[in-house]
Structure formats: C-alpha cells, structure tokens
Amino acid sequence: MKILQPPDWMAPRGYSNGVLTEMTVGSKLVFVGGQVGWNGQQQFESDDLADQVRQTLSNIVAILAEGGAKPEHIVRMTWYVTDKEAYVAAYPAIGKHYREFIGRHFPAMTAVEVADLVEDRAKVEIEVTAVVPAA
C-alpha cells in the first residue's frame with residue numbers, strides 16, 4: 001500500500017488524500033457497511049458523540065477481524081456526522097479513540113455532515129474499505 005501525496009501539497013492531518021494498492025493473488029477486499037455507535041446487541045450506551053465514535057470504531061475493528069483484516073489494512077473511511085460543530089469540538093476525544101482502535105494509520109478519509117441517520121440516536125456512522133495483502 002502506498003500513500004498518494006503530491007510532493008508540492010501540504011500534508012493532510014489525520015488522513016491521506018489517496019491510497020494505492022496493487023491486488024495480488026490471495027489478497028482480499030473487506031467492505032464494512034456503515035456502523036453506528038451501538039453495541040453488538042444494537043443498543044446505544046451513550047448519546048455523547050465521542051462515546052459513539054469509540055463504539056463505532058470498536059465495531060469496525062470487530063468486523064474487520066471477522067474478515068481476517070486489521071485496522072492497518074483500512075484504505076478508505078467515510079464518516080457521516082449529524083452535527084459538524086459537535087464533531088469539530090470533539091476532535092481531541094475522537095483522536096484519542098481513533099488512536100486506540102486504528103492507531104497512527106491514516107487512510108483516505110471523508111467526513112460529511114448529514115441531516116439525519118436512520119437510527120434515531122446515532123450521531124455518527126462510518127463505513128470502511130480494507131485491503132488484506134496475500135499471506
């Protein structure tokens with residue numbers, strides 16, 4: 001996997017502009033559908049945005065593991081948040097939770113403010129694509 005960063009561009013913080021991966025025999029793609037901040041029994045334990053991000057990232061890591069993938073295999077993340085101002089205000093806590101589950105791995109990433117999510121209590125939804133290299 002190679003990070004795509006034009007040399008004359010300012011480096012992004014906390015994400016990559018692009019990621020290149022060459023598929024080989026035996027490599028796998030893992031697609032994680034949008035995850036929200038509820039537990040495995042589909043129950044929200046908090047209405048706090050940062051807490052929901054933590055649970056969402058935990059859910060993503062669990063699903064990746066089911067596909068034989070690890071956080072460092074993530075090549076793309078799309079975040080949907082219901083409140084941009086709350087998201088920006090929670091950067092420190094979100095960053096802490098991100099490092100806890102994903103580490104210092106920064107895939108291509110997009111964050112979008114949306115009017116609402118399907119689950120009424122959800123404040124964030126994240127989808128992921130991962131590439132697992134051949135063994």
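Which residue forms a salt bridge with Asp47? I took this as my opening entry, bearing in mind that the model is predicted.

**Entry 1: salt bridges**

I found that the partner of Asp47 is Arg121, with the closest N and O atoms 2.8 Å apart. I then noted where the two residues sit: Asp47 is in the loop between β3 and α1, and Arg121 is in the loop between β5 (108-113) and β6. The pair thus links distant parts of the chain, 74 residues apart. I looked up the exposure of each partner. Asp47 is partly exposed, at a relative accessible area of 41%, and Arg121 is partly exposed as well, at 38%.

Glu100 counts as partly exposed because its relative accessibility is 42%, a value between the limits of 20% and 50%. Arg54, at 33% relative accessibility, also counts as partly exposed.

**Entry 2: helix α1**

Helix α1 covers residues 49-66, which makes 18 residues. From its first C-alpha to its last, I read a reach of 26 Å, close to the 26 Å expected at 1.5 Å a residue.

At the start of α1, I noted that a side-chain oxygen of Asp48 comes to within 3.2 Å of the backbone nitrogen of Ala50. Just after the helix, Gly68 adopts a positive phi of about 75°.

Which residues of α1 are buried? I listed Leu49, Ala50, Gln52, Val53, Thr56, Leu57, Asn59, Ile60 and Leu64. I then asked what covers them, and found that the cover includes the strands β3 (28-36), β4 (74-81) and β6 (124-132). The helices α2 (84-89) and α3 (91-101) are also among the elements that cover these buried residues.

**Entry 3: Ser27**

I turned to Ser27, which is placed in the loop between β2 (18-20) and β3. Is Ser27 buried or exposed? I recorded a relative accessible area of 16% for Ser27, and this residue is therefore buried, the cut-off being under 20%. The side chain of Ser27 reaches the backbone oxygen of Thr24 at 2.7 Å. Leaving aside neighbours within four places in sequence, I found Ser27 in contact with Val132, Pro133 and Ala134.

**Entry 4: the whole protein**

I closed with the overall picture. The secondary structure comes to 3 helices and 6 strands, and along the sequence I read the pattern β-β-β-α-β-α-α-β-β. The radius of gyration is 15 Å, close to the 14 Å that the globule rule gives for 135 residues, so the protein is as compact as a globular protein of that length. Along the principal axes, the C-alpha atoms fill a box of roughly 40 × 40 × 25 Å.

I noted that 39% of the 135 residues count as buried. The protein exposes about 8,100 Å², and carbon and sulfur atoms supply 52% of this area. Lastly, I looked up contacts between residues at least 6 apart in sequence: 77% of these join residues at least 24 apart.

Technical notes. Residues are numbered from 1 along each chain as its sequence is written. This is a predicted model: local features need pLDDT of at least 70, side-chain atom pairs count only at pLDDT 80 or more; totals for chains, interfaces and linings use all residues. Side-chain values use heavy atoms; hydrogens and water are left out. Helices (H or I, at least four residues) and strands (E, at least two) are DSSP runs, numbered from the N terminus. The expected span of a helix is 1.5 Å times one less than its number of residues. Buried means under 20% relative accessible area, exposed over 50%, partly exposed in between (1.4 Å probe, protein chains only). Contact means heavy atoms within 4.5 Å. A polar contact is a pair of N or O atoms within 3.5 Å; within protein, one must be able to donate a hydrogen and the other to accept it, and residues adjacent in sequence count only if both atoms are side-chain atoms. The radius of gyration is taken over C-alpha atoms; the globule rule is 2.2 Å times the number of residues to the power 0.38. Accessible areas come from the Shrake-Rupley method with a 1.4 Å probe; for residues, only the protein chains shown count as cover. A salt bridge is a side-chain nitrogen of Lys or Arg within 4 Å of a carboxyl oxygen of Asp or Glu.
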